[in-house]
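The following questions and answers are meant to be read beside the sequence and the model.

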Amino acid sequence: MNDKDYMSLAISLAKKGAGSTNPNPMVGAVVVKNDKVIGSGYHQRYGELHAERNALSSCVENPSGATLYVTLEPCCHYGKTPPCTEAIIESHIAKVVIGSKDPNPLVAGKGIEILRKSGIEVIEDFMKEDCDDFNRIFFHYITTGTPYVTMKYAMTMDGKIATISGDSKWITCEASRQRVHVDRGRNMAIMVGIGTVIKDDPILTCRFGDGTSPIRIICDTNLITPLNSKVVTDSSEGRLPRTIIATSVKGTERYRPYSALGVEILTVPKDGKHLDLRKLMKMLGDKGIDSIMLEGGSTLNWSALNTGIVQRIQAYIAPKLFGGAAAKTPIGGSGITIATYAYKLVNPKIIQIEDDVMIESEVISCSQE
């Protein structure tokens with residue numbers, strides 16, 4: 001095995017923490033001595049030991065003089081766990097190979113500096129792109145204080161999310177729907193609009209994969225969410241996941257029936273006729289919510305894009321055709337007026353799922369404004 005093999009192993013370990021470490025990053029670590037892996041570990045759950053300490057504690061022989069491969073710069077501050085730099089120094093590691101630098105202001109190069117001052121050789125930015133890729137959520141959240149938003153929708157090959165009658169069950173295959181549930185478990189929250197709640201009465205849980213069901217966020221400007229809807233009745237005390245209704249309606253009396261059923265009400269100012277989504281993102285970020293799977297309808301999707309809160313698009317495309325000039329498309333609203341002002345998507349990834357195709361791309365700023 002070579003350096004790339006060892007870091008690739010650390011990356012595969014890091015990804016095991018998906019959905020469990022939020023709002024912390026996913027991190028993997030491997031200890032190598034005399035060309036042999038003697039220890040490995042990853043950050044398994046928020047609040048628990050970090051990857052470096054797990055790797056060092058798993059060593060089958062003394063790690064003195066060994067090389068540590070770690071996907072993210074080791075922390076150097078006291079949080080829920082002690083600094084990993086201390087454990088590395090105390091173990092007499094000779095060399096540390098780091099994938100990504102940690103943008104957290106509490107670390108941000110300080111971990112590397114401490115290791116070097118202790119006489120440890122440090123290699124930076126090794127397989128950086130690979131290590132950066134799976135921690136996009138963490139990097140966004142730690143630098144902006146707002147959730148990383150992934151807009152997900154399923155459509156036919158002629159771009160429809162429902163038939164002319166509004167029927168949409170089911171556009172994609174079972175395997176695609178299972179993948180969506182796995183992705184839900186990798187995000188801290190799932191967000192929909194009131195229209196989706198009224199039309200479909202979804203439960204919005206994670207029914208496949210190892211992830212915990214996300215917090216449910218309902219964008220409901222006028223607070224008309226039915227008290228008998230699943231997202232409300234399933235939020236009674238002791239039941240998970242919890243539900244947050246974001247509304248512009250003020251008044252304790254209006255909130256009381258929802259609060260009695262365990263629903264949290266978040267009062268958000270309006271931007272025109274609808275919720276101010278930028279302010280909502282800031283409020284959710286302040287609550288420690290680092291990631292959102294947006295599964296709204298065409299109206300909410302347009303508002304989210306238009307306010308610039310979306311970082312990534314996941315489009316599931318089924319080999320079907322619905323037709324109908326009035327049948328809904330994934331993005332509604334007023335739309336853009338000039339083609340050159342289109343929302344630009346970059347770094348596309350294409351995944352075949354049985355007969356379906358999933359295209360994932362990142363959103364870059366639009367010049368519409």
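Q: What is the relative accessible area of Glu61?
A: The model is predicted: local features need pLDDT of at least 70, side-chain atom pairs count only at pLDDT 80 or more, and totals for chains, interfaces and linings use all residues. Residues are numbered from 1 along each chain as its sequence is written, and side-chain values use heavy atoms, leaving out hydrogens and water. Buried means under 20% relative accessible area, exposed over 50%, and partly exposed in between (1.4 Å probe, protein chains only). Glu61 is partly exposed, because its relative accessible area is 29%.

Q: Which residue forms a salt bridge with Glu61, with the closest N and O atoms 3.2 Å apart?
A: A salt bridge requires a side-chain nitrogen of Lys or Arg within 4 Å of a carboxyl oxygen of Asp or Glu. By this rule the count comes to 22 salt bridges. The closest N and O atoms are 3.2 Å apart in the bridge that joins Glu61 to Lys36.

Q: How many residues apart in sequence are the parts that Lys36 and Glu61 tie together?
A: Helices (H or I, at least four residues) and strands (E, at least two) are DSSP runs, numbered from the N terminus. In the salt bridge of Lys36 with Glu61, Lys36 lies in strand 2 and Glu61 in the loop between helix 2 (51-57) and strand 3, so the tied parts are separated in sequence by 25 residues.

Q: Why is strand 1 (residues 28-33) largely enclosed by the rest of the structure?
A: Both faces of strand 1 are covered, with Gly28, Val30 and Val32 buried on one side and Ala29, Val31 and Lys33 on the other. The strand is largely enclosed because the number of its six residues that are buried is six.

Q: Which residue of strand 2 does Val32 stand opposite?
A: Two strands pair if DSSP finds at least two bridges between them. In strand 2, the residue opposite Val32 is Val37.

Q: What is the closest N and O distance in the salt bridge of Lys287 with Glu264?
A: Glu264 also forms a salt bridge with Arg242, whose closest N and O atoms are 3.5 Å apart. That pair links distant parts of the chain, as Arg242 is in the loop between helix 9 (230-233) and strand 9 (243-247), and Glu264 is in strand 10 (residues 264-267). For the salt bridge of Lys287 with Glu264, the closest N and O atoms are separated by 2.4 Å.

Q: What is the separation of the C-alpha atoms of Met281 and Tyr148?
A: Met281 lies in helix 11 (residues 277-286) and is buried, because its relative accessible area is 3%. Contact means heavy atoms within 4.5 Å. Not counting residues up to four places away in sequence, Met281 touches several residues, including Thr146, Pro147 and Ile309. Met281 and Tyr148 are 133 residues apart along the chain, and their C-alpha separation is 9.2 Å.
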